[in-house]
Each structure stands twice: as C-alpha cells, then as structure tokens.
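Welcome, and please get your viewer ready with the chain loaded. We will go from one selection to the next, and at each stop I will tell you what is there.

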Amino acid sequence: MVAAKQSYEDSRRKRVEENKKRMEALNLPLLSQALKTSPKPSPTKQAKPRVVQKQLVVVRRSTRFANKPAPIYKEVAVDRVAIPRRILGRQRNLSNLVLASPEAIAEADEKAEKLVSGLPPGYPILTRSMQPSHVAGGFWLGLPVDFCKLNLPSRDDVMTLIDEDGDEYPTIYLARKRGLSGGWKGFAVAHHLVHGDAVVFQLIGRTKFKVYIIRVNGSEEGNNGVN
C-alpha cells in the first residue's frame, strides 16, 4: 500500500516537471506576467485643425469685355406708372329726389294694411315702404330674412313680378343677400315708384309675386325726380 502511494507521488511530480518545462519552452510564464500588469492608456490623438488655403486666381473674362471699363451702377428716379381707375357708370344723382313726409308715409302704410286685409287668404304677403335706395341710385330691394327663409328659394332664382294690369317683370332674386337685384330697376322705373310708396307683394307661386302699389300722397303716378 505504501509502495503504491509512493509510486503515484513520483509520477505526479514527474508530470508537473514536464508541464513546467513545456510552458517555459513556450514563454507562457512571461505572457502570464504581462497580462497581469495593467496596460497604460494610449494618449488621445488630437485632431489637427483644418487649414483652408486661399489663393488668388485670375478670373477669366470674355474677350469682348476685357478691354472695356467696369460698369458703374447708380440709382435713377423712375416715374411711377399711373394705373387708370375703372371707368364707372353713371354716377348716382339723388340731389333732386323728393322725400315724402313721415305723415304721408304713415298714411300710405295704413292704406296698404287695409288692402292686405281684403286679399284672399292662404298666400304669404309682405309690404315694403319704398326707400331712396329702392327707387333711385342702386335700385336694390332687400326683403325680410324670415320671409325669405320660409317662402323663397334657397338658391338664386328668377322672381316674376305681376302688376295689377297683369304685366310681368322678371327680376333676379339673390338668395344669400335676401333681395331683388337685376330687373327690379325696370319695374320701379316703369311704375314710377317714389320714396314713401307702399308696395304689397303677394306670393302666388313659388317664384311669382302679385304686386299692389299704394301711392304716397294718393297720387296716381309717382315722379321720383331723379335724373
């Protein structure tokens, strides 16, 4: 038993010696020692600033202008071009327009109410007392918003005005502006409407008005006195 143990120890020492010699032959001890020591950090390289070299070069010029002096620039006054304004049509002349008195207007409105009370029921009715813009100048007849929303087309359309003699006058109804534009002037001039006249509109169709005129001051025909 003792002899076997001694033989094992001898064999182990022999292998250790052989391994040591083999490591020395490969320089492994030196490499192990080098790995244990911490390497020194390498110094950081600083980037060198970029140097831009400037050189004077000869600019090539066209031979046509090479011998000519350099141009000289200066400010000069330029006359402003006058843009003519749009030529307007005939100016409105309301200086000769005769205005009705408040009493005469109230009387015409009262007569219009009596006329409306005698008309057949079932038809929407509105009454307009003529203002200067209705019978002169712009000839624009605005209509009540509520009446337009309830009874008139939601888009622009042609409204036909029928007077008491049965004559028809087409006019342009502007839905967004709630009023009569083109064609209203012809009706107003043809019927000599003046300031203060009470005009009754009875809607007898989708785009048809029966029109009744109550003259201010009880006159048979108006005279707007506008040139």
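Start by selecting Arg 215 and Asp 197, which form a salt bridge with closest N and O atoms 3.6 Å apart. A salt bridge here is a side-chain nitrogen of Lys or Arg within 4 Å of a carboxyl oxygen of Asp or Glu. This pair links distant parts of the chain, 18 residues apart: Arg 215 sits in the segment after β7 (208-214), while Asp 197 is in the loop between α6 (184-190) and β6. Are the two partners buried or exposed? Arg 215 counts as buried, because its relative accessibility is 14%, and Asp 197 is buried too, at 0%. The cut-offs are under 20% relative accessible area for buried, over 50% for exposed, and partly exposed in between (1.4 Å probe, protein chains only).

A word on what you are looking at: the model is predicted, local features need pLDDT of at least 70, side-chain atom pairs count only at pLDDT 80 or more, and totals for chains, interfaces and linings use all residues. Residues are numbered from 1 along each chain as its sequence is written, and side-chain values use heavy atoms, with hydrogens and water left out.

Next, colour by secondary structure. Helices (H or I, at least four residues) and strands (E, at least two) are DSSP runs, numbered from the N terminus.

Now go to helix α1 (residues 2-25) and pick Arg 13 and Asp 10, which lie 3 residues apart, about one turn of the helix. Their side chains meet in a salt bridge at 2.5 Å, N to O. Arg 13 is partly exposed at 44% relative accessible area, and Asp 10 is partly exposed at 35%.

Move on to helix α3 (residues 102-117), where Glu 107 and Lys 111 are 4 residues apart, again about one turn of the helix. The closest N and O atoms of this salt bridge are 3.7 Å apart. Glu 107 is partly exposed at 42%, and so is Lys 111 at 37%. In total, the model has 5 salt bridges by this rule.

Select Gln 202 in strand β6 (residues 198-205). Which residues does Gln 202 touch, not counting those up to four places away in sequence? The list is Leu 119, Pro 120, Tyr 123, Pro 124, Ile 125, Lys 208, Phe 209, Lys 210 and Tyr 212; contact means heavy atoms within 4.5 Å. Gln 202 counts as buried, at 4% relative accessibility.

Then try Ala 175, in the loop between β4 and β5 (179-180). Ala 175 is buried, with a relative accessible area of 6%. Leaving aside neighbours within four places in sequence, Ala 175 is in contact with Pro 153, Ser 154, Arg 155 and Asp 156. Draw a distance between the C-alpha atoms of Ala 175 and Pro 153: they are 22 residues apart along the chain and separated by 6.9 Å.

Finally, show everything again. Of the 227 residues, 25% count as buried. Among contacts between residues at least 6 apart in sequence, 59% join residues at least 24 apart.
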